[in-house]
Amino acid sequence: MLFKQQALLRQKLFVLGSLAIGSLLYLVARVGSLDRLQPLCPIDGRFGPRSQDEIPLRALQFKRGLLHEFRKGNATKEQIRLHNLVQQLPKAIIIGVRKGGTRALLEMLNLHPAVVKASQEIHFFDNDENYAKGIEWYRKKMPFSYPHQITIEKSPAYFITEEVPERIYKMNSSIKLLIIVREPTTRAISDYTQVLEGKERKNKTYYKFEKLAIDPNTCEVNTKYKAVRTSIYTKHLERWLKYFPIEQFHIVDGDRLITEPLPELQLVEKFLNLPPRISQYNLYFNATRGFYCLRFNVVFNKCLAGSKGRIHPEVDTSVITKLRKFFHPFNQKFYQITGRTFNWP
Ligand code: A3P
C-alpha cells in the first residue's frame, strides 16, 4: 500500500516537473526567435516602474491586441465600432532628417502605450501625386488607435521639400514637429552610404564620396550635392519657421540616441506631453548589432533592420575637415535658432 502511494507521488512529481521544464524551454525558445516580431504584445509587461499619470493599462493591453488583429486584417467592422477605434491624423510628425535616426526614434517612441506609429513612410506632403489624393487618403493610411492615443508618422523627405511646411500647416497649424539630427558630416556620409548600397545592388557604378562632396573645379564643398545640402539644417529649418513657431519643434540628438537613447526619449515624452513611460527596461544594448534594441516584455524584443547601422566607407580626412569647416557657421546658427547646442566640430 505504502509502496503504491509512493509510486503515485513520484509519478505526479514527474508530470509536474516535466510541465515546468517544458514551459521553461518554450519560453527560452520564444525569446531567442522573436527578435524581429511586431512590437505588439501585452502592454503590462512592457514597462518598468509606473508613474502617477496612469494610462489605463489593462484597457490598453486589450486594445493593443485588437489593434494588432485589425492590422493583420482579422478584426471586423463591428469590433472597430464597438471598441471605438479610429484612424487619426498624426498629432506629431518626425519630419527628418534623413539618416538622422528617424526609424530608431519612431520605433522607440512606439514603446509608449499612448503612441501608435504609422509603420510605413507615407510621403503624403512631399509627393504631389499623393497630396492630390487629399487628406482623407492620408488619414486612411494611418493605423487604428484609440481616441486618447496619438499617432506619429515619419517621412524624412518632409524636412527638405519646399512645399511641405505650408501643406502641413494647412492640415494642422498646432502639430508637433520632431527633427532628429546628427553631426552633419557623419550624416552626409551615412546618406552617401545608403545611396551607394542601392547602386551596388543594381550593379551601377558610383563616384567616391570625396568626388561628390568636393567640386573638382573649385576644390570647394559642392553645395549642389544633395547629401551636403541636406546637412545644412538651418537653411531648411528657416523655411519651416515661416509657418511654425520654434516652440512647435523639438530637436532630437541623433548621435546621443545611438549611445544613450533613454534621456533623449524622455525629452520627447515631455515635449509631447506624455507621461514618462519608456524606461531603461525597454532598451538593451545588443553587442552583436552594436546598437540599442527594444524590449517590449520578457518575451518580445527586437532590433532595427540591418540596413540601419551600415559601415561607412573611409573618407579622406582633408575632405572631412573641409566639410566640417563648411558646416560650422550653419551649425552655429542652428544652435542659436533652436536653443540646443551640440559638440559638433
Ligand atoms: P548609419 O546607418 O549611418 O549608422 P534613418 O532611420 O533616419 O535612416 O537613420 C539611420 C541611422 O539610425 C543609422 O545610421 C544608425 O546609426 C542610426 N541609429 C540610431 N539608433 C539606432 C538603433 N538603435 N539601431 C540601429 N540604428 C540606429
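**Cysteines and the sheet**

Cys293 is buried, at a relative accessible area of 1%; buried means under 20% relative accessible area, exposed over 50%, and partly exposed in between, with a 1.4 Å probe and protein chains only. Before I go on, this is a predicted model, where local features need pLDDT of at least 70, side-chain atom pairs count only at pLDDT 80 or more, and totals for chains, interfaces and linings use all residues. Residues are numbered from 1 along each chain as its sequence is written, and side-chain values use heavy atoms, leaving out hydrogens and water.

How many disulfides does a search of the whole structure find? It finds 1, where a disulfide is a pair of cysteine sulfur atoms within 2.5 Å. The partners are Cys293 and Cys303, with their sulfur atoms 2.1 Å apart. The torsion about their S-S bond is about 100°, so this disulfide is right-handed. Cys293 sits in strand β9 (residues 291–295) and Cys303 in the loop between β10 (301–302) and α14 (317–338), so the pair ties together parts 10 residues apart in sequence. Helices (H or I, at least four residues) and strands (E, at least two) are DSSP runs, numbered from the N terminus.

Cys303 is also buried, at 4% relative accessibility. Cys219 is partly exposed, with a relative accessible area of 44%.

Now the sheet. It is open, with 3 strands in the order β8-β9-β10 and antiparallel pairing; two strands pair if DSSP finds at least two bridges between them. β8 (283–286) and β10 are at the edges with a single partner strand each, so one side of each has no neighbour in the sheet. Between β9 and β10 there are 2 bridges, in the antiparallel sense. Leu294 stands opposite Lys302 in β10.
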